[in-house]
Amino acid sequence: MSTATKFSTAILDKAIPYVKEIYKNSIFETLPYHDLRHTEEVVEACYTISENERIDDDSMEILLLAAWFHDTGHKEKNQNHEELSADIASEFLKTENFDDVRIEEVKKAILATRMPQSPTTYIGNILCDADLYHLSTDQFNKRSDYLRKEWESMGNKLTNSEWCKQNIDFISKHEYFTDFGKNVLGPKKEKNLKKAEKKLKKLKKEEDTYLTKELDINLDELKALKKKLTKVQGKPERGIETMFRTTSKNHVEFSAMADSKANIIISVNSIIITIIIGVLLRKLDSNPHL
C-alpha cells in the first residue's frame, strides 16, 4: 500500500521509514491485528476521510504523523500503549527539531485513540474514525478474526458466541466523530452490526443444540436451566457459555480417554494374537501332520 506518496513533507519522509523499522521488532509477529498492515490501513483511511473533510496541509501533516506512530507503543506493551506511542513520536520529532506546539498536537491525537475514544480536536476526530474505519467495511469479520487471535495469544479465551457478543456490544456503543464518519461510515457499520446479531442468534442456536445433546435434555428443560442460572448468577448467557465450554472440554477429554482405551485394547489384542500364532507355529513344527 503506497500511502506515503499521496502527501509528502520532509518530516513525513523521515518518519515513515522510522516507523516501519519499529514494526520489524519481533513482538509484532505475535500481533496479527496491531501490525504494520493495520497502521497502513489507518493512514489510508485518514486520506479517505480527509478528502471529504476540510483540512489544511499543516493539519494533514499532524494527522499523518499521528497515524503512523499511533500503535508503535505495542513494541513494549499492549495495555495503555497509546502513552508510549505518543512518547515515541515525541522523541523522534524532537530529534528532528519539530515545533513543540505541533508535537503536542500529534501526541494529543494519538492519545485520543485510547478506548473509549475521546478526541478533543478536529485532527483527533479524523484519526479516531480512521482507526476504526474497518467497522464499516466488508473487511470487518477478517479484522475481527485477527484481533481475536491477538487476544487469545494473551490468554483471553472466548467462545464463538462470547466473541460475537463482545463485537456487537462494541459496535453498538461506538460512534464516529467526523461528518463523513457519521453520514457515510455509520450506515455501513450498522449493516455489519445486523450481520453480527444474526450470526449470534445462529451461534446461540448451535450451542443450545449441543448442550441439549450433551446434557441429554430437551430445549424446554434447557430454558428452565437458564432461568435457574439467572437467579444464581444474574447473567444466564455467561452461565450457559461456561457450561458450553465445560461440556465441550469434557467431550474432548472423554474422546481422548476413549481413544487411549481403544489403543490399549488394540495393543493387548496384538500381543495375544502374536502369542497364539507363536504357539500354533510351535505345534505345527512338532506335529507335521496338523
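What pattern does the protein follow, read along the sequence? The answer is α-α-α-α-α-α-α-α-α-α-α. That gives 11 helices and zero strands. Keep in mind that this is a predicted model.

Some overall figures. The protein has 290 residues, and 40% of them are buried. It exposes about 17,300 Å², with 54% supplied by carbon and sulfur atoms. Now take contacts between residues at least 6 apart in sequence: 67% of them join residues at least 24 apart.

Next, charge on the surface. D56, D57, D58, D99, D100 and E105 gather there in a negative patch. Helix 3, residues 57–69, supplies at least two of the patch residues, and so does helix 5, residues 100–111. D56 sits in the loop between helix 2 and helix 3. D56 is partly exposed, at 46% relative accessible area.

On to salt bridges. The count is 11. Here are some of them.

R143 meets E41 at 3.5 Å, N to O. R143 lies in helix 7 and E41 in helix 2, so this pair ties together parts 102 residues apart in sequence. R143 is buried, at 3%. E41 is partly exposed, at 30%.

Then R114 and E83, at 2.6 Å, N to O. R114 is in the loop between helix 5 and helix 6, while E83 is in helix 4, so the pair links parts 31 residues apart in sequence. R114 is partly exposed at 31% relative accessibility, and E83 is partly exposed at 27%.

Last, K107 and E104, at 3.9 Å, N to O. Both are in helix 5, three residues apart, which means about one helical turn between them. K107 counts as buried at 18%; E104 counts as partly exposed at 45%.

Methods: Residues numbered from 1 in each chain as written. Predicted model: local features only at pLDDT ≥ 70, side-chain atom pairs only at ≥ 80, totals over all residues. Heavy atoms only, no water. Helix = DSSP H or I, 4+ residues; strand = E, 2+ residues; numbered from the N terminus. Buried < 20%, exposed > 50% of the residue type's maximum accessible area, 1.4 Å probe, protein only. Contact = heavy atoms within 4.5 Å. Areas by Shrake-Rupley, 256 points an atom, 1.4 Å probe, with all protein chains shown as cover. Patch = residues over 30% accessible without salt bridge, like charges linked within 9 Å, V, L, I, M, F, W, Y side chains within 5 Å. Salt bridge = Lys/Arg side-chain N within 4 Å of Asp/Glu carboxyl O. Lys, Arg positive; Asp, Glu negative; His and termini not counted. Charge placed at Lys NZ, Arg CZ, Asp CG, Glu CD.
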